[in-house]
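Open the model in your viewer and keep the selection panel at hand. The tour moves from the cores to a sheet and then to the aromatic rings.

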Amino acid sequence: MTLIHSNSHDASFNLAAEEYLFSHRSDEILFLYVNEPCVVVGRNQDVLSEIDRDFCSENNIPVFKRISGGGTVYHDLGNLNYCFISNRIQGESPLDTAFLQPIVHVLADLQVEVFIGKRNDLWLPGGHKISGTASHVGKTRILHHGTLLYDADLEDLEKSLAAKLTGIPSRAIASVPSPVKNIRSYLKEKNCLAPEADCFFGLLIQKLVDLYCLDAVSGLSSEDVSGINPLSPAL
């Protein structure tokens, strides 16, 4: 396993990096990144049916489409994104929940007890979702990625994803709304240590380094960076 932490907060770059690592490398990768505020729409979704275009435009929140299915999500600096990329194994289902176990494990070490929901998402015991996931399956490789709400701006999340267009006939797959909560709020309610986002992400990343018995976190190589073509916004 190679654990790569992006030093960029540019969603157009990080989303393109996921595609590049999926298509151009053959090793097992866990790619972690944090984006500036943006909205990311699933491959099979209609953009205008998922977002409040006016709010996103007025608040300089770009909208992107990703290579995986699943629902529309909001990213910001209080949200850590994880992406597991691996080679397919003959006879094994590419869409089971095994990829989530490392995240569940390190969260438990950080006093965050979660369970896996029916859509391969992560939920707090009180019934709030903290992580949604989506997958992309190729002939030889598979990609699973997800969000991890730690201290995201939930007001901007709600307003960004408050679509104004409804009742329009479409073959696109609509998002399934879920109640959400920040991990930081959950930790405060438990009277546990609830540091700033950067600190918590650092702790979580170190837990993953230890879990996989790695020497250190890697960065994208110069060859990787030169091969990554940032995505254009969907709007």
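Start with the largest nonpolar core, which has 32 residues. Such a core is a set of buried Ala, Val, Leu, Ile, Met, Phe, Trp, Tyr and Cys residues joined through side-chain atoms within 4.5 Å. Buried means under 20% relative accessible area, with a 1.4 Å probe and protein chains only. Select Tyr82, Leu107, Leu122, Ile183, Phe200 and Leu204: these touch the most other members.

This is a predicted model, where local features need pLDDT of at least 70 and side-chain atom pairs count only at pLDDT 80 or more, while totals for chains, interfaces and linings use all residues. Residues are numbered from 1 along each chain as its sequence is written, and side-chain values use heavy atoms, leaving out hydrogens and water.

Now colour the elements that build this core. At least two residues each come from β2 (29-33), β6 (79-87), α3 (101-109), α5 (183-189) and α6 (197-211). Helices (H or I, at least four residues) and strands (E, at least two) are DSSP runs, numbered from the N terminus. The largest share, 7 residues, belongs to α6.

Centre on Leu204. Leaving aside residues up to four places away in sequence, Leu204 touches Leu80, Val106, Leu107, Leu110 and Leu148; contact means heavy atoms within 4.5 Å. Then select Ile29, Val40, Ile85 and Leu231, which are among the 22 residues of a second, separate core.

Next, the sheet. Show the strands in the order β7-β8-β9: they form an open sheet of 3 strands with antiparallel pairing. Two strands pair if DSSP finds at least two bridges between them. Which strands stand at the edges? They are β7 (115-116) and β9 (129-131); each has a single partner strand, so one side of each lacks a neighbour in the sheet. Between β7 and β8 (residues 122-123) there are 2 bridges. Pick Phe115 and find Trp123 of β8 opposite.

Finish with the rings. The structure holds 5 aromatic pairs. Rings of Phe, Tyr and Trp (its six-membered ring) pair if their centres lie within 6.5 Å; planes under 30 degrees apart count as stacked, over 60 as edge-to-face and the rest as tilted.

- Tyr82 and Phe84: edge-to-face, 6.1 Å centre to centre, 65° between the planes. Tyr82 is buried at 1% relative accessibility, and Phe84 is buried at 7%.
- Tyr150 and Phe201: edge-to-face, 6.0 Å centre to centre, 65° between the planes. Tyr150 sits in the loop between β11 (141-149) and α4 (154-160), Phe201 in helix α6, 51 residues apart. Both are buried.

Note on methods:
Buried means under 20% relative accessible area, exposed over 50%, partly exposed in between (1.4 Å probe, protein chains only).
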